[in-house]
Amino acid sequence: MGNKAVANRYAVALFQLAQEKDILKQIGDELQLVKAVFEQTESLSNVLEHPKVLEEQKVKLIKDSFADAVSAYVLNTVLIMVQQKKGNLVIPFINKYQELAYEAQGVAVAKVYTVKPLSEEDKQQVATTFAKKIGVETLHIENIIEPNLIGGMKIRIGDRIFDGSIKRQLDRLQRTLVAGNR
């Protein structure tokens, strides 16, 4: 079974438990904390994956790092993953959980590529407009600065891309002009 499938299985199991206990958001928030620690502490992943570090030391490290910050559900899931030598899948597992939780809550995330940062008002307008287009209640905006766009914006929501950038319009115009010269 591939790594992605393994991460997905852990995510689905925790998601189902959180849904059953009606704590989807709480677990999601706790997992975001764990994700932030893993992303900001590269040495943590290295220690968890190192074959010469004893399993007991890895378990103690995880407990010391997260026991006071997360619920037993999150802590035990991460511990099981570490004990099963799947510590490298913690971030993909968290991403999949978040995807499942957002879907269940009618929430999506949009990556909005622009030349300069969007104001809060612009973010809200994009969120309102595109939430209706894709049929979700809430759309979280992640603004990514992309100088190559020239102007306009490109929006990615899951597998969908809405490209209203000037670069795309110029590329389309160029293709039309080149095709017309033949």
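Two strands pair if DSSP finds at least two bridges between them. The legends below use that term for a predicted model.

**View 1. Strands β1 and β2 run side by side.**
In β2, T138 is the bridge partner of V107. That bridge belongs to a set: 8 bridges join β1, residues 107-114, to β2. The two strands run parallel.

**View 2. Four strands make an open sheet.**
Read across the sheet, the order is β2-β1-β3-β4. The pairing is mixed. Which strands form the edges? They are β2 (138-145) and β4 (160-163), and each pairs on one side only. On average, neighbouring strands of this sheet are turned by 20° against each other, direction ignored.

**View 3. Helix α7 packs on the sheet.**
Helix α7 covers residues 120-134. It touches β1, β2, β3 (153-157) and β4. The direction of α7 makes about 125° with that of β2.

**View 4. The largest nonpolar core has 32 residues.**
In soluble globular proteins, nonpolar side chains tend to be buried together. Here, the residues with the most contacts inside the core are I27, L31, V34, F38, I62, F93 and Y97. Which helices supply at least two residues each? They are α1 (3-21), α2 (24-40), α3 (42-49), α4 (55-66), α5 (72-83) and α6 (90-105). Helix α1 gives the largest share, 7 residues.

**View 5. F93 and its contacts.**
F93 is one of the residues with the most contacts inside the largest core. Set aside its neighbours within four places in sequence. F93 is then in contact with A7, Y10, A11, L14, L31, T77 and M81. L31 is also on the list of residues with the most contacts inside that core.

**View 6. A second core stands separate.**
This core has 12 residues. Among them are V112, A131, I155 and I157.

**View 7. T114 is a buried residue of strand β1.**
Is T114 buried or exposed? Its relative accessibility is 4%, so T114 counts as buried; the cut-off for buried is under 20%. The side chain of T114 makes a polar contact with the side chain of N143, at 2.9 Å. A polar atom of the T114 side chain also lies 2.7 Å from the backbone oxygen of K116. Which residues does T114 touch, not counting those up to four places away in sequence? They are N143, I144, I145, E146, L149, G152 and M153.

Notes:
Residues are numbered from 1 along each chain as its sequence is written. This is a predicted model: local features need pLDDT of at least 70, side-chain atom pairs count only at pLDDT 80 or more; totals for chains, interfaces and linings use all residues. Side-chain values use heavy atoms; hydrogens and water are left out. Axes are lines fitted to C-alpha atoms, for helices over the stretch in contact, and angles run from 0 to 180 degrees between N-to-C directions. Contact means heavy atoms within 4.5 Å. A nonpolar core is a set of buried Ala, Val, Leu, Ile, Met, Phe, Trp, Tyr and Cys residues joined through side-chain atoms within 4.5 Å. Buried means under 20% relative accessible area, exposed over 50%, partly exposed in between (1.4 Å probe, protein chains only). A polar contact is a pair of N or O atoms within 3.5 Å; within protein, one must be able to donate a hydrogen and the other to accept it, and residues adjacent in sequence count only if both atoms are side-chain atoms.
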